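This briefing is for a reader who is new to the structure below. Please look at the sequence and the model first, then read the notes by topic.

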Amino acid sequence: MRTVNFSQHDHYRNAVFPSPFHARQKEHNQLREWSRWSDYLSVPAYWCADMEYFAGRNACGVFDITPMVKHLVTGPDALPYLNRLMTRDVSKIKPGRVGYSVWCNEQGRVIDDGTIFHLEEGVYRICSQEHQIDWFMTNTLGFDVNIVEDTHDVAALAVQGPTSCAILKDMGLQGIEDLTPFGLTYFDFEGTQLMVSRTGYTGDLGYELWIGPDHAERLWDRLFDAGKHRGIKAMGSDALELLRIEAGFILAGVDFLPAMEAVRPSHTRSPFELGLGWLVHFDKGVFNGRRALQEEKEKGSRFHLVKLDIDGNKPANQSFVFTKDEKFAGTVTSAMWSPSAKASIALASLEAPHGKSDSRLELQGHSPLQQ
Amino acid sequence: MTKKYDAIVIGAGHNGLTNGAYLAKAGMKVLMVEKNDFIGGATVSLELYKDDWKYSNCSYVCSLLRPEVYRSLNLAKYGLQIVPYGGSATIAQNGDYIGSYVDPDVARREVARHSHRDADATVRYDRDIMRQCRFIRQFLLRTPPDPTSFKPRDLLEMMYMGKEAMKLGEDLIYDTMRFYTMSISDFLDEYFENPLVKASHSGSGIIGSALGVMSPGTAYVLLHHAMGDVDGSMGAWGFARGGMGAIADAMQGCFTEYGGQTVTGSGVKQIIVKNGRAKGVVLENGDEYFADVVVSNLTLPRTFLECMDPKDLDPGFLKKVRNFKIRGSSGKLNIALDGLPRFTALPEGSELARGDMHLIDSTERLERAYDDWKNGIWSQDPYIDMLIPSLTDPTMTPPGKHFMSVFVQYVPPKVHGKDWTDDQVHQFGQTVINQIEEYAPGFKDLILHVEIRTPRELEDEVGLTAGNIFQGELTMDQLLFNRPLPGFAQYRGPVRGMYMCGSSTSPGGGVMAAPGANAAREILGDLRKTNTVPEGWLDD
Ligand SMILES: Cc1cc2nc3c(=O)[nH]c(=O)nc-3n(C[C@H](O)[C@H](O)[C@H](O)COP(=O)(O)OP(=O)(O)OC[C@H]3O[C@@H](n4cnc5c(N)ncnc54)[C@H](O)[C@@H]3O)c2cc1C
């Protein structure tokens, strides 16, 4: 079953489509508010964002990640192709493993970040925030690969929090406790294949479940049934946002502007400028942006992504950052009050040389990072 | 009526009105002289069919109008409102169509329906167009520098332009150079694979231009159509409530409130020059008016070849005026409809019908339409930009009835080198109507009244030389410091006290009001009067 069919002439009648989990989301959605995530309806909060956040940190929170853009990369040259596309060495991601990665344009500016799932020998799934088919296809020149976007063919749930493993075990996923971080494995689920990866966006113990859309509701039911006594809760995007900032993960379109969309080139970032230098592997041969990144590595970056620990108890959303002597230093890109750390924390993009070492800075006003 | 003024503006087009309003705002006694019985020029709403029916006779949609002018002339106070409209549709012969929807996700899925890749490529395409637009927009309310001059103001302005260009960064500078010289068809090939997707973007590259989609220079024409905005939404277009004439009317409201006077019904026959200085004007009806400042809103050739004594001008200058590229290529049908036409390709009630509709499926087909123009005949398979403003603006027609504005490329200024005959004008109208009927059966039966305009009618009524809608081709050789002519881009004429403020001057045609405003700034500067013209707002 395909949830969204591009070829339908009347697709325009609905700006947004129900996810395969919609019927269940609707039952849980006490606030009756819906938001949009790409082609799908999403839930900002089911009953209380803060409570849902605590479900994620303290027990188990379930978040629908179906709208995430997904591509399948196959063919004899899948690996060399991906190594050309990605900044990191994809050969290190063995079958059954998942790796976080970024990809850049020739100027070494980040187009998007995402996860690479090595589903089986030579078969990869790439998950990202932004639509990528044009860029991915542009890069196939000279490679024998096959790329399809299968966003709408896969339903997915993030199951995050300390009781997630126990719940999945109770649901009947034998041996799930042996899955190591960034591992993926397959289970039979009522006669269909269920893929489970130990991945997530919360920095906690957590899994992501991938299944055909037709089995989505059954998966949800079995999961919530199994989690009944272990604090399972449906979790909305507001809670997830808190969890991911706390974990220090960046979000495309929020903490950086994808290079394809940035009208102002100065608003793009390189992997180094996002604190992702560890994902750039110069020892693997040619890849997009290599030359520019090499140069940047030698000459230094223009920006640094920093994690701020802010005095007081106010979240610092949309603030400017200044030095103690009132010089402009940068902008806050994501901010929150962290219930776990009991601290006001933020991610900020600072102009070099600020942010290279620990230092005291001041915050003022508000300034959204614009496209 | 006194005959002596501080300034006389010839032509009450929207640029003349803008110019006059700023001069009057600075305390000058200004007279506006318009040959027609009505003001507005190509920015006009007329009631030709019946009292309750308004047509936007020439220009029909608004985006370029500088918001700085809108605000500083307080046009809202004089009744102006620009209402954005949704989307557009390009309808193919095979019965399919591609829509451009207001909602970004719907818009993306619609492109994906035709090409998955092109849906993504649109992001990159929009980004690159926006980048170029942001670059140009900052120069719209600035007087172009003279690159050969060593005056401090020119050197400073050149430096400013250079600095802004450097800010773009290396790659963008390369792109910019290419943009100004490429054809729209080549440009689109760099982004898209689907013919219908390309066709849907290509029309803006040739509207008003005597060039084909495959002619170098048409990429810029597209930019010219994309650099405006409605309330900050760049590239968006809207209707002026009550038709485009509402813009001119609001400007005149402001002009009059600052004490400006208007005489209509008789055109300027000649600009009076004494001792190398402009001194006033003589009208066709013999009336004379005097002023030390005379500003022309007319096209470059009309001003200098028709309204001046050649003996008052330098022959070299006159030669350049004669060579100014101003070729007509457009026509228009304004149609009163008894009801809403039904385009078979579009779903019933589709929001797309509220926006621009085009009947084209490939850039090749558009190039063929241009071939006809080169052969001296109107396109037999024309490109049309068609709108039904009454779906959005209820003031245009009685309820249930509709006004349809049909802009047509290509229509030559002469047919096989000979003047248009009335019969040919009629035939041209039938060509267009037949084409619409093919896509909307029953359309003909809805027609209550049609106004058909070829370059002949446009020249006769508005004074647009050869019917060129932009008062001169928008190509690199005639833009910026080359517009209208090298050495004359700063709104001053070759005779002291004489100025130009029409679309023939920089930054060019369209209902933008920038030429009128820029010229006013120069005049006030020369007279050492307080400047009333606002600076351009920079996009952050
Ligand atoms: C059919 C058509 C469709 C268009 N569509 C659009 C559109 O949708 N959107 C857009 O932004 N632009 C559009 N344009 C372009 C735009 O309308 C023009 O570029 C703009 O209106 C020109 O304004 P102007 O003030 O410079 O000159 P004009 O409007 O040409 O004004 C010149 C004035 O001078 C008067 N005049 C001429 N000779 C004499 C004389 N001897 N004495 C006294 N007065 C004289 C004329 O009657 C006229 O009022 C269109 C133009 C046409 C013709």
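This is a predicted model: local features need pLDDT of at least 70, side-chain atom pairs count only at pLDDT 80 or more; totals for chains, interfaces and linings use all residues.

Residues are numbered from 1 along each chain as its sequence is written, chains are lettered from A and ligands numbered from 1 in the order in which they are written, and side-chain values use heavy atoms, with hydrogens and water left out.

**Ligand surroundings**

- Around the ligand there are 38 residues, and Asn15(B), Glu34(B), Ser503(B), Gly510(B) and Val511(B) come nearest; a residue is near if one of its heavy atoms lies within 4 Å of the molecule.
- The shell around the ligand consists of 17 nonpolar, 16 polar and 5 charged residues. Here Ala, Val, Leu, Ile, Met, Phe, Trp, Tyr, Cys and Pro count as nonpolar, Asp, Glu, Lys and Arg as charged, and the others, Gly among them, as polar.
- In chain B, helix H1 (14-25), strand S2 (30-34) and helix H16 (455-462) each supply at least two residues of this shell. H16(B) gives the most, with 3 residues. Helices (H or I, at least four residues) and strands (E, at least two) are DSSP runs, numbered from the N terminus.

**Atoms close to ligand oxygen**

- A polar backbone atom of Val511(B) is 2.8 Å from an oxygen atom of the ligand.
- For Tyr60(B), a polar backbone atom is 3.1 Å from an oxygen atom of the ligand.
- Thr43(B) places a polar side-chain atom 3.2 Å from an oxygen atom of the ligand.
- The protein buries 97% of the 1,000 Å² that the ligand exposes when taken alone; accessible areas come from the Shrake-Rupley method with a 1.4 Å probe, and for residues only the protein chains shown count as cover.

**Helix H9 of chain B**

- Helix H9 (residues 218-226) of chain B is mostly covered, with 9 of its 9 residues buried. Buried means under 20% relative accessible area (1.4 Å probe, protein chains only).
- The buried residues of H9(B) pack against helices H4 (116-137), H6 (170-179), H7 (184-189) and H8 (195-202) and strand S9 (233-234) of chain B.

**Chain A overall**

- Chain A has 8 helices and 18 strands.
- Of its 371 residues, 57% count as buried.
- The C-alpha atoms of chain A fill a box of roughly 60 × 55 × 45 Å, taken along the principal axes.

Technical notes. A polar contact is a pair of N or O atoms within 3.5 Å; within protein, one must be able to donate a hydrogen and the other to accept it, and residues adjacent in sequence count only if both atoms are side-chain atoms. Buried means under 20% relative accessible area, exposed over 50%, partly exposed in between (1.4 Å probe, protein chains only). Contact means heavy atoms within 4.5 Å.
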